[in-house]
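Hi everyone, thanks for making the time.

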Amino acid sequence: MRLYLSSFDLGDRPEELVSLTGSARRAAIIVNALDNRPEGRAVWLKEQTDKLVGLGFGVVELDLRSYF
């Protein structure tokens, strides 16, 4: 397992992220910092999901509210 953590967006060179992964590209997105802004949360989640899917990743949201 390889873990790449980013607190904001994909960085300046997303192609480098792709080069670090094998063929089974999977990503989890956590956007709980925006829980108090539902509209902004939804927009941010879609934008980040679209970027990762565009790089060939399967993406799931990990919503921490499900665990508390």
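Is Glu61 buried, partly exposed or exposed? Glu61 is partly exposed, because its relative accessible area is 35%. For the cut-offs, buried means under 20% relative accessible area, exposed means over 50%, and partly exposed is in between, with a 1.4 Å probe and protein chains only.

Before I go on, a word on what you are looking at. This is a predicted model, where local features need pLDDT of at least 70, side-chain atom pairs count only at pLDDT 80 or more, and totals for chains, interfaces and linings use all residues. Residues are numbered from 1 along each chain as its sequence is written, and side-chain values use heavy atoms, with hydrogens and water left out.

On confidence, pLDDT is the predictor's own score for each residue, from 0 to 100. The protein chain averages 89, and 99% of the residues score at least 70. Confidence is lowest in H1, with a mean of 86, and highest in strand E2, residues 58-61, at 95.

Now the overall layout. The protein chain has 2 helices and 2 strands, and from the N terminus the order is α-β-α-β. Those are DSSP runs numbered from the N terminus: helices are H or I with at least four residues, strands are E with at least two. The C-alpha trace spans about 35 × 25 × 15 Å along its principal axes. Of the 68 residues in the chain, 19% are buried. Contact here means heavy atoms within 4.5 Å. Among contacts between residues at least 6 apart in sequence, 62% join residues at least 24 apart.

Back to Glu61, then. Glu61 lies in strand E2. Leaving aside neighbours within four places in sequence, Glu61 is in contact with Ile29, Val31, Arg41 and Leu45. Glu61 and Ile29 are 32 residues apart in sequence, yet their C-alpha atoms are 4.8 Å apart. The side chain of Glu61 also makes a polar contact of 2.8 Å with the side chain of Arg41. By polar contact I mean a pair of N or O atoms within 3.5 Å; within protein, one must be able to donate a hydrogen and the other to accept it, and residues adjacent in sequence count only if both atoms are side-chain atoms.

Arg41 turns up again with the next pair. Asp63 sits in the segment after E2, and Asn32 is in the loop between E1 and H2. Their side chains are joined by a polar contact of 2.8 Å. Asp63 counts as buried because its relative accessibility is 18%, and Asn32 counts as buried because its value is 16%. Not counting residues up to four places away in sequence, Asp63 touches Asn32 and Arg41, while Asn32 touches Arg41, Leu62, Asp63, Leu64 and Arg65.

So which residues form the largest nonpolar core? There are 9: Leu10, Leu17, Val18, Ala27, Ile29, Val31, Leu45, Leu52 and Phe57. Helix H1 (14-20), strand E1 (26-29) and helix H2 (38-54) are the elements that give two or more residues to this core. A nonpolar core is a set of buried Ala, Val, Leu, Ile, Met, Phe, Trp, Tyr and Cys residues joined through side-chain atoms within 4.5 Å.

Two members are worth a click. Beyond its neighbours within four places in sequence, Leu52 is in contact with Leu10, Leu17, Ala27, Ile29, Phe57 and Val59. Val18, in helix H1, counts as buried because its relative accessibility is 17%. With residues up to four places away left out, Val18 touches Arg25, Leu55 and Phe57. The C-alpha atoms of Val18 and Leu55, 37 residues apart along the chain, are separated by 6.9 Å.

Asp9, in the segment before H1, has a positive phi of about 60 degrees although it is not a glycine. Asp9 counts as partly exposed because its relative accessibility is 25%.

That's my tour; I'm happy to take questions.
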